[in-house]
Amino acid sequence: MTIHWCGTGLSAIPGLRRLIEAGHPVTVWNRTVEKARAELGDLTDDIRAFDIDALGAVLAKGDVVVSMLPGDWHVPLAELAISRGANFVSSSYIAPEMRALDDRARAAGVVLVNEMGLDPGIDHLMAHELVADYRASDAFDAGNHLSFISYCGGIPKHPNPFRYKFSWSPLGVLKALRSPSRSIRDYAPLDVARPWDAISSYTAPLPTPESFEVYPNRDSLPFKAQYHFEDHWPVKEFVRGTLRLNGWADAWAPVFREIETLKGPEGDARLKEMSDQFWAENAYDEGEPDRVVLCVGLKAEKDGKPVWHKTYVMDAWGDERGTAMARLVSIPVSLAVEAVLNREIPAGVHAAPSDPKLTRRWMAEVDRLAQHLQIVDHCA
């Protein structure tokens, strides 16, 4: 069974190298062969120019297709995998078109694993562990009022005036700022048109507590079911969001004002101009360390008082192994690939699994990837 890894961008390399070094049969597909050779030529010469027809010609039953390509490739590659009796893995959010492949994947007996990177990915594993821990605790009561937070951010290890640095094109970050979000605050849905309309402060329980600016992103509500919240549980707060350095909102205020005015093709062209400028002025320098902070917390209250409250907190930064972002995205992908090969995940479309056997094993690996990983018990 061959792993067909498609895409060798900046966030793909550590996990890909890990699979090759472990002795798995891997074929590397990249749009630019020379770039892939520069990163992997010391380990393999099975590097090919990405072409979906060429991939289809060699894809066999039981193989695994990994897509680290732009998101519009995920569904076509997953459909190709199903047609060949092969499996599929990506780190990206499950799009409705991917979710719609569930019946076909089950009928074909193949696995389509998504949301198995950093965020989404490691955050899911943390959430599953916390919810399982809470359910098994003496404090568990279906009538407890719950608050859930999940904040993740890639930030510069050494802060700059812009309070942010880019590992790749800023265009994706700028486009995300135009996206609405939905979360729960004070027991009711909170709909926010723009992230800067809902920026708040969060103190991460690191060894030295540190405050950050945070805001909700995407639609958090479907993740209640994904994290096995029961419909009848009272939920006071439920938010998945982005974490930024303090001062980010002020530094980016002119960006927010301009983004609000951009419309149509001219607006898209201006967004591209802004992206190019930010890349020139605020890209990471060669060898400069990045930093990733991830906090996932669950609190249960009874009569207004906390009876159970834990936060899974991670702090990681670039070192001699490379960037924190690259290893925290791609190595979980490689773990999912091995789990698929070992038949540890059932057929169908899945996000990062909640199986305690897998979550514990994978979080032990995350502990090696991060400089700090801890479950903080606020009630202890």
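Student: What are the helix and strand contents of residues 117-366, and how far apart are the end C-alpha atoms?

Tutor: The span is 34% helix and 29% strand, and its end C-alpha atoms lie 11 Å apart. Helices (H or I, at least four residues) and strands (E, at least two) are DSSP runs, numbered from the N terminus. This is a predicted model, in which local features need pLDDT of at least 70, side-chain atom pairs count only at pLDDT 80 or more, and totals for chains, interfaces and linings use all residues. Residues are numbered from 1 along each chain as its sequence is written, and side-chain values use heavy atoms, with hydrogens and water left out.

Student: Why is Ser 181 called buried?

Tutor: Buried means under 20% relative accessible area, exposed over 50%, and partly exposed in between (1.4 Å probe, protein chains only). Ser 181 has 8% relative accessibility, so it counts as buried.

Student: What makes Asp 119 and Arg 240 a salt bridge?

Tutor: A salt bridge requires a side-chain nitrogen of Lys or Arg within 4 Å of a carboxyl oxygen of Asp or Glu. The closest N and O atoms of Asp 119 and Arg 240 are 3.4 Å apart, and the pair forms a salt bridge. The two residues are 121 residues apart, with Arg 240 in strand S12 (residues 235-244).

Student: Which of the words buried or partly exposed applies to Arg 240, and which to Asp 119?

Tutor: Arg 240 has a relative accessible area of 2% and is therefore buried. Asp 119, at 28%, is partly exposed.
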